[in-house]
Amino acid sequence: ELLNGGVREEKNTGKEAKADKYSKRFDAMCDEFDSWESEDSSSNAEARNPRLAIVLGGCFAGAKQPQVVDALKILYMDFLALRMAGDLIFKMMRKP
């Protein structure tokens, strides 16, 4: 590490910057998701698709559990495939 002139520190800084970016994105998605519950999304989903309403209700319940949110955040930040899928699903769930 010392022989490389601190190159390892630069790599860590780059990884930390990406981790911070993903962390902030996840937090922003959680904040937006929390706002959906107050918009009465569950009753709208129930009218359109009862199965979707059950899934959505479970998502709202999970979002209130800090341990669940923390675990999902770790997965979102660490696994590209899950991050890409999460981003896609989140975009599909957003109102147009």
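Of the 96 residues in the protein chain, 19% count as buried. Keep in mind as you look around that this is a predicted model.

**The chain as a whole**
- The secondary structure amounts to 5 helices and 0 strands, and the order from the N terminus on is α-α-α-α-α.
- Take the contacts between residues at least 6 apart in sequence: 61% of them join residues at least 24 apart.
- About 7600 Å² of the protein chain is accessible surface, and carbon and sulfur atoms account for 59% of that area.

- Helix α4 covers residues 66-78, which makes 13 residues. From its first C-alpha to its last it reaches 18 Å, close to the 18 Å expected at 1.5 Å a residue.
- Val69, Lys73 and Tyr76 are the buried residues to look for in α4. Viewed down the helix axis, the buried residues of α4 fall within an arc of 65°, so they line one face of the helix.
- Turned away from that buried side is a face of α4 with the exposed residues Gln67, Ile74 and Asp78.

**Phenylalanine 90 in helix α5**
- Helix α5 (residues 80-93) is where you will find phenylalanine 90.
- Phenylalanine 90 has a relative accessible area of 10%, so it counts as buried, the cut-off being under 20%.
- Leaving aside residues up to four places away in sequence, phenylalanine 90 touches Met29, Glu32 and Trp36.

Technical notes
Residues are numbered from 1 along each chain as its sequence is written. This is a predicted model: local features need pLDDT of at least 70, side-chain atom pairs count only at pLDDT 80 or more; totals for chains, interfaces and linings use all residues. Side-chain values use heavy atoms; hydrogens and water are left out. Helices (H or I, at least four residues) and strands (E, at least two) are DSSP runs, numbered from the N terminus. The expected span of a helix is 1.5 Å times one less than its number of residues. Buried means under 20% relative accessible area, exposed over 50%, partly exposed in between (1.4 Å probe, protein chains only). The arc is that of the directions from the helix axis to the C-beta atoms. Contact means heavy atoms within 4.5 Å. Accessible areas come from the Shrake-Rupley method with a 1.4 Å probe; for residues, only the protein chains shown count as cover.
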